[in-house]
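Reader: I would like to go through the charged side-chain pairs of this model with you, one step at a time. Could you show me the sequence and the structure before we start?

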Amino acid sequence: MSAKRVSVGILVACAILLLPRVALAHALLMSSTPAANATVHAGNIAIELRYNSRVDGQRSTITLVAPDGHTQALTLDGQRTATTLNAHAALVAGKYKLRWQALSTDGHITRGEIPFTVQ
Ligand SMILES: [Cu+2]
């Protein structure tokens, strides 16, 4: 099952459980740096995931999937704002993915993947 389908399943579960009390409290990814499918220059890369609602910077996670498939849990930096997750990584050229899991203030977890390329 793809991460996208997992996220949709979680959202449906949220909607059923919470309707009509909380419409959009679970964290939906709005944009990111690097952006999905972006190409960035090798070196120290600032990572920022931006959500539609507050996320728990202590209990959310970002995992880096390296070109060879190895995964590495990134140490999260301090949140720039309450709705962002921030991290950084020094990367050489290749195709990577950021696999994120966000805990929102309504207690629900959402997940997703952001593929990007380093050149
Ligand atoms: Cu929710």
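Predicted model: local features only at pLDDT ≥ 70, side-chain atom pairs only at ≥ 80, totals over all residues.

Reader: If a salt bridge requires a side-chain nitrogen of Lys or Arg within 4 Å of a carboxyl oxygen of Asp or Glu, how many salt bridges does the count come to?

Author: Side chains of opposite charge can pair when their charged atoms come close. With the 4 Å cut-off between nitrogen and carboxyl oxygen, the count comes to five salt bridges.

Reader: How many residues apart in sequence are the parts that Glu48 and Arg80 tie together?

Author: The side chains of Glu48 and Arg80 meet in a salt bridge, with 2.6 Å from N to O. Glu48 belongs to strand β3, residues 43–51, whereas Arg80 sits in the loop between β5 (71–73) and β6 (84–91), so the parts tied together by this pair are apart in sequence by 32 residues.

Reader: Which residue is linked with Glu48 and Arg80 in a network of salt bridges?

Author: Glu48 has a relative accessibility of 10% and therefore counts as buried, while Arg80, at 56%, counts as exposed. The network of salt bridges that links these two residues also takes in Arg50.

Reader: Which strand holds Lys97, and which holds its partner Glu113?

Author: Lys97 forms a salt bridge with Glu113, and their closest N and O atoms are 3.7 Å apart. The pair ties together parts that are 16 residues apart in sequence, because Lys97 lies in strand β7 (residues 94–103) and Glu113 in strand β8 (residues 109–118). The strands asked for are thus β7 for Lys97 and β8 for Glu113.

Reader: Is Arg99, which meets Glu113 in a salt bridge, buried, partly exposed or exposed?

Author: The side chains of Glu113 and Arg99 meet at 2.6 Å, N to O. Since Glu113 lies in strand β8 and Arg99 in strand β7, this pair ties together parts that are 14 residues apart in sequence. Glu113 has a relative accessibility of 32%, which makes it partly exposed. For Arg99 the relative accessibility is 36%, and the residue therefore counts as partly exposed.

Reader: Where is Ser104 placed, and is it buried or exposed?

Author: Ser104 has its place in the loop between β7 and β8. Leaving aside residues up to four places away in sequence, Ser104 touches Ala25, His26, Ala27, Ser53, Arg54 and Val55. Its relative accessibility is 4%, and with the limit for this class set at under 20%, Ser104 counts as buried.

Technical notes:
Residues numbered from 1 in each chain as written. Heavy atoms only, no water. Helix = DSSP H or I, 4+ residues; strand = E, 2+ residues; numbered from the N terminus. Buried < 20%, exposed > 50% of the residue type's maximum accessible area, 1.4 Å probe, protein only. Contact = heavy atoms within 4.5 Å.
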